[in-house]
Amino acid sequence: MDAWKEMRERLDDDFDTPGALAVLFQYIREQNRMEEPAGPAALRLIEDVNNLFGTFDIPGSAQSDAAVDELVKERDRLRAARKFAEADAIRDQLTQQGVVLEDSPEGTRWWKEATS
């Protein structure tokens, strides 16, 4: 079973945070025993945990909330100026980083989507 799936199952079971973190630490121990360095799947798992708990400072990974806010504001300005190609480029950039945008009459809402 993959670690992220098992962690989600633990969290879905009465928000068993200690159990979910135990899965994470077991995964890290297993990765440390491997001869090959951890691959992209390991970084994705850490980023997913970070998106959920906001505990790690991972340089160059997912955007900080303040940075996302600024990009969303810039996208809104571009849309208001009818510069749709540039606005779409920002949306695509955020989507690649796991940020979901929802446009509504009240403005743009966003959230970080955990990957599985």
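Let me start with a pair of helices: helix 1, residues 3-12, packs against helix 3, residues 40-53, at an angle of about 25°, and their axes are 10 Å apart. Before going on, a caution: this is a predicted model.

Why give an angle and a distance? Two packed helices are described by the angle between their axes and the distance between the axes. Angles under 35 degrees count as roughly parallel, and helix 1 and helix 3 are therefore roughly parallel to each other. The crossing of helix 1 over helix 3 is right-handed.

Which residues meet here? From helix 1 there are Ala3, Trp4, Met7 and Leu11, and from helix 3 there are Leu45, Asp48, Val49, Leu52 and Phe53. Sorted by class, this contact has eight nonpolar residues, no polar ones and one charged.

Now the chain as a whole. It has five helices and two strands. Along the sequence the order is α-α-α-α-α-β-β, so please keep that order in mind when you look at the model.

Of the 116 residues in the protein chain, 27% are buried. The chain exposes about 7900 Å², and carbon and sulfur atoms supply 50% of that. As for contacts with a separation of 6 or more, 41% of them come from residues 24 or more positions apart.

The second pair is helix 4, residues 65-80, with helix 5, residues 84-96. Their axes come within 8 Å and cross at roughly 155°. The cut-off for roughly antiparallel is over 145 degrees, which makes helix 4 roughly antiparallel to helix 5. Helix 4 passes helix 5 in a left-handed crossing.

On the helix 4 side, the contact is made by Val68, Leu71, Val72, Glu74, Arg75, Leu78 and Arg79. On the helix 5 side are Phe84, Glu86, Ala87, Ile90, Arg91, Gln93 and Leu94. By class, the contact of helix 4 with helix 5 has eight nonpolar, one polar and five charged residues.

Where is glutamine 31 found? It is in helix 2, residues 17-33. Is glutamine 31 buried or exposed? Its relative accessible area is 18%, and buried means under 20%, so glutamine 31 is buried. Which residues does glutamine 31 contact, leaving aside its neighbours within four places in sequence? Those are Ala38 and Ala42.

Notes:
Residues numbered from 1 in each chain as written. Predicted model: local features only at pLDDT ≥ 70, side-chain atom pairs only at ≥ 80, totals over all residues. Heavy atoms only, no water. Helix = DSSP H or I, 4+ residues; strand = E, 2+ residues; numbered from the N terminus. Buried < 20%, exposed > 50% of the residue type's maximum accessible area, 1.4 Å probe, protein only. Contact = heavy atoms within 4.5 Å. Areas by Shrake-Rupley, 256 points an atom, 1.4 Å probe, with all protein chains shown as cover. Axes fitted to C-alpha atoms, helices over the stretch in contact; angles between N-to-C directions. Parallel < 35°, antiparallel > 145°, perpendicular 65-115°, else oblique. Left-handed = near helix turned anticlockwise from the far one by under 90°. Nonpolar A, V, L, I, M, F, W, Y, C, P; charged D, E, K, R; others polar.
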